[in-house]
Amino acid sequence: MKIEKFKVSDWLNKPTETQDSPTIPIVESEYDQVDSLVNQILKQSVDITIGYENWRNIGFALADNFGEKGRSLYHQLSSAHSEYSNIETDKQFDACLKSNGNGINLGTLYYLAKQAGVTLSKDFVEKPPTHKAKTKVPEPKRLPNFPESIFSELPVFFQKITCVGKTNDEKDLLLIGSLVALSVTLPTVYGVYHDKKHFANLYLFVSAQASAGKGRLNHLRKLVKPIHDSYREEYKKAKTVFEFELNNYNAQKKKNSDLEKPESPPMKLLFLPANNSSSGVFQLLNDNEGRGLIFETEGDTLANTFKSDFGNYSDGFRKAFHHETISFYRRTDREYVDLESPCLSAVLSGTPMQIQNLIPNAEDGLFSRFIFYYLNMNHEWLDVFANTSSTGLDEYFFNLGVEYLEFYNALLAHPSIRFELSPKQQTEFNIHFQKVFNKYFSLKGEDYIGTIRRLGLITFRIAMIFTAFRMMDTGEIQGTLVCPDVDFSNALKLSEVLLVHSSYIFSQMPETAKPVKRLNKKESFFESLPEKFSRKEYLEVAASLNIQDKTAQYYIASFKSAGLLHHPQKNEYEKAI
């Protein structure tokens, strides 16, 4: 009998043996395969443990499959993280061992490696991340869409943008993407919020799995391209004049030493390349009077730039959100420059892993400055020949951009346009966000306070954009804009949905300490409670989440004190918001 040693992939691809020469396979151990994969991951300097959930699941997979022998592999993978701790890693692996299996197999490890760009060798049979039958995993919950009713109430220009969306997700993507892309093009419109002058600028990150449809976002570049092109034409004309004056200067300087050398014109453009040095980005912003748009459909472009020594302008990125002064040194002219009141907008998209590459953890101040929208995966085939535009969407949006350019130029002729909420809206705004603040502070703690507070400012800016575009409908530019009730209401409705999306993304982010908090059973418990319930019902919900009765009682008491629950009578509870 012939015995030979071969690998799993060889066995799967091997032709069937005849009965005359039977072969008994001796498969290389799975531990050796995983050890080889870990070496590849370390060799490529990749961290697949970003995010507490990923780190924990890797521990479950290694502990469940290899027991104590998997500890060494877990330490090797964990050591790639910037905040690796030998003690904390041991504690986590001990917890994984004590769990006696969580239903997570090595397919999760293979999957995370592939998502991080590690090329698996041919020795591996790739397995999708699955769970064993003993653990029932619920289907992923779809995140909510914007209410359908708002789309017919939008300013006409936004109705033209969103009408080409085939699905609710596409309409949402076109609306939120266009709001942010256009937010940089309202240079004279401002509002006073919390005693500070604010412009309309916004940051957006659309998160989605590969092929979920986030590519639609790229069409929106065409909306603002006519403005960008007009800047470029202005720069080309100024450069032609400069070259003529420079040639004249060079020809005359020997005869006239008092001649002043002409200055090179500023580099006028709207789109700022994300792959840039920090001084380069700040210089471009300065050349464009403090305004610019970063539009990247691969979030890693900006993330990798932030990680480089020359391109880490994350600090300036955070300051620009609040129009805080950015100081930088211009080497060419040996000049120290203060960039006053920068107005930067950003449209980014990428996978959930790319968010964590850009923003290392949820406590990073950059997280709370972003609007996050998680694009639900559509599991149906769409009619790819169902045309919503006879010329294609790029040309459709470019034509809309040409239409908008005329309005943009009209805005520039009015140097000061103030936006404000009515006194009634201001009261409603404060009441609404006080309730939101109470809810999420109770459920998520202090880590989420910055996100709630900045969501209030983001909502104010969205209302500002809607109201400014009403002037495009009427053709009349006004010095003072009072927000119409419909725009105020729709801005609040958008913020309610965006809050759910942001909360979901936040729950996936790693923490700098005590990562177990990211599981947040308290929040899961509250979200699982029905609108009205009894003591028996809330204890049943707690039991389904493995929460002890006493803990559930403590949670209910804290919800009542935070105003999240009403307790109208004995054994009767109802949610307040």
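The accessible surface of this chain comes to about 28,900 Å², and 49% of that area belongs to carbon and sulfur atoms. Areas here come from the Shrake-Rupley method with a 1.4 Å probe, and for residues only the protein chains shown count as cover.

Two notes on the source. This is a predicted model, in which local features need pLDDT of at least 70, side-chain atom pairs count only at pLDDT 80 or more, and totals for chains, interfaces and linings use all residues. Residues are numbered from 1 along each chain as its sequence is written, and side-chain values use heavy atoms, with hydrogens and water left out.

Now the chain as a whole. It has 21 helices and 15 strands; these are DSSP runs numbered from the N terminus, with helices being H or I of at least four residues and strands E of at least two. Of the 577 residues, 48% are buried. Buried means under 20% relative accessible area, exposed means over 50%, and partly exposed is in between, with a 1.4 Å probe and protein chains only. Among contacts between residues at least 6 apart in sequence, 73% join residues at least 24 apart, where a contact means heavy atoms within 4.5 Å.

Next, the second largest pocket. A pocket is found on a 1 Å grid over the protein atoms alone, as an open set of points where a 1.4 Å probe fits, with protein on both sides within 12 Å along at least five of seven lines; lining residues have an atom within 4 Å of a point. The volume of this one is about 600 Å³, counted as the space filled by probe spheres set on the points, which are joined across faces, edges and corners. Its lining has 27 residues, and Ile50, Lys307, Gln356, Asn357 and Pro360 lie nearest the centre. Helices H11 (300-307), H12 (314-321) and H13 (352-358) each give two or more residues to that lining. H13 gives the most, with 5.

Is His432 buried or exposed? His432 is buried, at 17% relative accessible area. It sits in helix H16 (residues 423-444) and, leaving aside neighbours within four places in sequence, is in contact with Leu492, Ser495 and Glu496.

Asn546 is not a glycine, yet has a positive phi of about 60°. It lies in the loop between helix H20 (535-544) and helix H21 (549-561) and is exposed, at 63%.

Asn571 also has a positive phi, near 60°. Its loop runs between strand S14 (565-569) and strand S15 (572-575), and at 45% relative accessibility Asn571 is partly exposed.
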